[in-house]
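Welcome! Have a look at the molecule first, then try each task before reading on.

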Amino acid sequence: MEFGTCLKSTINQTSFFLCRPITRQNTRYHRPCLSRTAPASMRCRATAEVHRNRKNSSFGTLEKVKTTSANSSCDLVLSSLTAACLLDGCYWDKIKALAPFMSEFGLIRFRVLVEIEWLLKLSEVPEIPEVPDLSPGAKSFLHGLIDGFSLDDAMEVKEIERVTNHDVKAVEYFLKQRCQSHEEISKVLEFFHFACTSEDINNLAHALTLKEAISSVILPVMDELISTITNIATKTAHVPMLSRNHGQPATPTMLGKEMANFSCRLYKTRQEISQIEMRGKFAGAVGNYNAHLVAYPDVNWPQVAEDFVTSLGLSFNPYVSQVQLETITHI
């Protein structure tokens, strides 16, 4: 499909039209790059139009892909919810495996997970009689909300956010709506977000997105690449080649040895990434468990918080304010 578009520009007070074709490739429209000799106003105008078109279609289906998240399989499409970063438009095929984790969809899903797991944790604390130990059926229902979380569910959360104007509160309301028909869980709806500040939910959700992306996507890809380079190094161990020093021909070396250099460097980086410590906090609005202690003074809240954070596979950070001033990772 090809059609023209006219860009009007003025050079030396002379108006003229420049027609450039637009081609359709891979379900997206691409405008051929204007020559650098073209006026800046013309290039900027063309670029702005392309960005407007992309923005207007951000919620549209550009490409359907099959991806697998940590606990469920779902069909994801490239949209403003599943985009991981600005690279998605050009390199979606290369980074789409990260979409279930590093996108807004992934962040919302892990927020849902944290809220649900917190309610389940409260049900295990005997000093909180208002949240009795939940039955296996109720626990299965809640875990089903996590495992079956879909793009439609994320869109529903975003619709609620239009009203609340608060992303984490929208997740809380979403869970209340989904659970209000459940006879047992409907009695403890207000405890989904008990004593939490938004950053309690967010810092754990962000840490989990990174943790799962590393373990499910990044490390396996690195392992495959290391294995491939190592095999090449082994096969070419006796293949001579001329090495260079300061860009100039130097002494002989072996191709396998040079490939082994890359394999060794990548393996070291892989080990460093695998040892990154994901840290999390869950101490309330200012890090002092104030609301927790006012409501239930007999509960050892620091211990409950530590048990909860570590149960998610994260390291507990006990000394914080509302937010962790340091990064969520520590090598």
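**Exercise 1. Which residues do ring pairs link into a cluster?**

Before starting, note that this is a predicted model, in which local features need pLDDT of at least 70 and side-chain atom pairs count only at pLDDT 80 or more, while totals for chains, interfaces and linings use all residues. Residues are numbered from 1 along each chain as its sequence is written, and side-chain values use heavy atoms, with hydrogens and water left out.

Step 1. Set the rule: rings of Phe, Tyr and Trp (its six-membered ring) pair if their centres lie within 6.5 Å; planes under 30 degrees apart are stacked, over 60 edge-to-face, and the rest tilted.

Step 2. Apply the rule, and the count is nine aromatic pairs. For Phe191 and Phe194, the ring centres are 5.5 Å apart and the planes meet at 35°, so this pair is tilted.

Step 3. Follow the links: the cluster joins Trp118, Phe191, Phe194, Phe282, Tyr296, Trp301 and Phe308.

**Exercise 2. Classify the pair of Phe194 and Tyr296, and say where its two residues lie.**

Step 1. Begin with burial, where buried means under 20% relative accessible area, exposed over 50%, and partly exposed in between (1.4 Å probe, protein chains only). Tyr296 has 12%, so Tyr296 is buried. Phe194 has 14% and also counts as buried.

Step 2. Phe194 and Tyr296 form an edge-to-face pair, with 5.8 Å from centre to centre and 65° between the planes.

Step 3. Phe194 belongs to the loop between α7 and α8 (198-235), and Tyr296 to the loop between α10 (290-295) and α11 (301-311). The pair links distant parts of the chain, 102 residues apart. Helices (H or I, at least four residues) and strands (E, at least two) are DSSP runs, numbered from the N terminus.

**Exercise 3. Repeat the burial analysis for α11.**

Step 1. Trp301, Val304, Ala305, Phe308 and Val309 are buried in α11. Their arc is only 125° around the axis, which puts them on the same side of α11.

Step 2. The buried residues of α11 pack against α4, α8, β8 (277-280), α10 and β9.

Step 3. Just after α11 comes Gly313, with a positive phi of about 85°.

**Exercise 4. How many helices and strands does the protein have?**

Step 1. The protein has 11 helices and 10 strands.

Step 2. Of its 331 residues, 39% count as buried.

How values were computed:
The arc is that of the directions from the helix axis to the C-beta atoms. Contact means heavy atoms within 4.5 Å.
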